[in-house]
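Here are some notes to read beside the model. Keep the structure open and find each residue as it comes up.

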Amino acid sequence: MSRFNAYKRPDATKPLFALAEYVKNCGIEQSLVELVLMRASQLNGCAYCLDMHSKDARAAGETEQRLYLLQAWREAPFYSARERAALAWCEAVTRLDPIHGVPDEIHEEARAQFSEEELVDLNMAVILINSWNRIAVPSRAEPGSYKPAKH
């Protein structure tokens, strides 16, 4: 059972919806964004967001195999160099090391795959999902009812 419903405070969630619209239209491949949203949600243990983004990813054409193996993306051969750089960035930003922040080697890997503008946009996607995870997890948002938009 949900503890609270953040949607009942639309002024509180309006900035996140605006950021979601920005991320959606920023130009980074939607399939890559969905992988990042899924991976951060896995790290944060957000069942609601995992349910939502797995459905959105499937509706956008993502394969079951890539979704199933996302937690082991380093060992799985199904992800491109760009996706791997994005997933490493996502993990580093989500788990910010208390001493070193995001390691230089992860930044260098990301910069090899993303322009500076794209890296800002990728970072905004990570910020967005971590924000939603931090609403859904403590509120105990219940997964299962989300329906993806038609693509």
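1. Start with one definition. A residue is buried when its relative accessible area is under 20%, exposed when it is over 50%, and partly exposed in between. Phenylalanine 17 has a relative accessible area of 42%, so this residue is partly exposed. Keep in mind that this is a predicted model.

2. Stay with the aromatic rings. The count comes to three aromatic pairs. Tyrosine 7 sits in the segment before H1, while phenylalanine 17 sits in helix H1, so the pair ties together parts ten residues apart in sequence. Tyrosine 7 is partly exposed, because its relative accessibility is 44%. Ring pairs also bring in Trp132: together Tyr7, Phe17 and Trp132 form a cluster.

3. Now the largest pocket. How much space lies in the largest pocket? The value is about 820 Å³. The pocket is lined by 32 residues, and those closest to its centre are Ala20, Met52, His53, Asp56 and Tyr146.

4. Which helices build this lining? Helix H1 (10–25), helix H2 (30–44), helix H3 (47–59) and helix H7 (116–139) each supply at least two residues. H7 gives the most, with six residues. By type, the lining of the largest pocket divides into 20 nonpolar, six polar and six charged residues.

5. Look next at serine 54. This residue is found in helix H3. Is serine 54 buried or exposed? Serine 54 is buried, because its relative accessible area is 12% and the cut-off for buried is under 20%. Leave aside the neighbours within four places in sequence, and serine 54 is in contact with Met38 and Leu67.

6. Turn to the charges. The structure holds nine salt bridges. One of them joins aspartate 11 to lysine 14, with the closest N and O atoms 3.9 Å apart. A salt bridge needs the two atoms within 4 Å. Why are aspartate 11 and lysine 14 separated by about one helical turn? The two are three residues apart in helix H1, which means about one turn lies between them. Both aspartate 11 and lysine 14 are exposed.

7. Glutamate 62 forms a salt bridge with arginine 66, and their closest N and O atoms are 2.5 Å apart. Here both glutamate 62 and arginine 66 are buried.

8. A further salt bridge spans more than one element. Arginine 74 pairs with glutamate 91, the closest N and O atoms being 2.8 Å apart. Arginine 74 lies in the loop between helix H4 (64–68) and helix H5 (81–94), and glutamate 91 lies in helix H5, so the pair ties together parts that are 17 residues apart in sequence. Elsewhere, salt bridges that share partners join Glu29, Arg82 and Glu118 into one network.

9. Take a second look at glutamate 91. This residue belongs to helix H5. What is its relative accessible area? The value is 5%, so glutamate 91 is buried. Glutamate 91 and arginine 39 are 52 residues apart in sequence, yet their C-alpha atoms are 7.6 Å apart in space. With neighbours within four places in sequence left aside, glutamate 91 is in contact with Arg39, Leu43, Trp73 and Arg74. Arg74 is also its salt-bridge partner.

10. Finish in helix H5 with alanine 86. Alanine 86 is buried, because its relative accessible area is 0%. Which residues does alanine 86 touch, not counting residues up to four places away in sequence? They are Leu32, Val36, Phe114 and Leu122. Phenylalanine 114 is 28 residues from alanine 86 along the chain, and 8.7 Å separates their C-alpha atoms.

Conventions
Residues are numbered from 1 along each chain as its sequence is written. This is a predicted model: local features need pLDDT of at least 70, side-chain atom pairs count only at pLDDT 80 or more; totals for chains, interfaces and linings use all residues. Side-chain values use heavy atoms; hydrogens and water are left out. On a 1 Å grid over the protein atoms alone, a cavity is a set of points where a 1.4 Å probe fits but cannot get out, and a pocket is an open set with protein on both sides within 12 Å along at least five of seven lines; lining residues have an atom within 4 Å of a point. Grid points are joined across faces, edges and corners, and a volume is the space filled by probe spheres set on the points. Helices (H or I, at least four residues) and strands (E, at least two) are DSSP runs, numbered from the N terminus. Ala, Val, Leu, Ile, Met, Phe, Trp, Tyr, Cys and Pro count as nonpolar, Asp, Glu, Lys and Arg as charged, and the others, Gly among them, as polar. Buried means under 20% relative accessible area, exposed over 50%, partly exposed in between (1.4 Å probe, protein chains only). Contact means heavy atoms within 4.5 Å. A salt bridge is a side-chain nitrogen of Lys or Arg within 4 Å of a carboxyl oxygen of Asp or Glu. Rings of Phe, Tyr and Trp (its six-membered ring) pair if their centres lie within 6.5 Å; planes under 30 degrees apart count as stacked, over 60 as edge-to-face and the rest as tilted.
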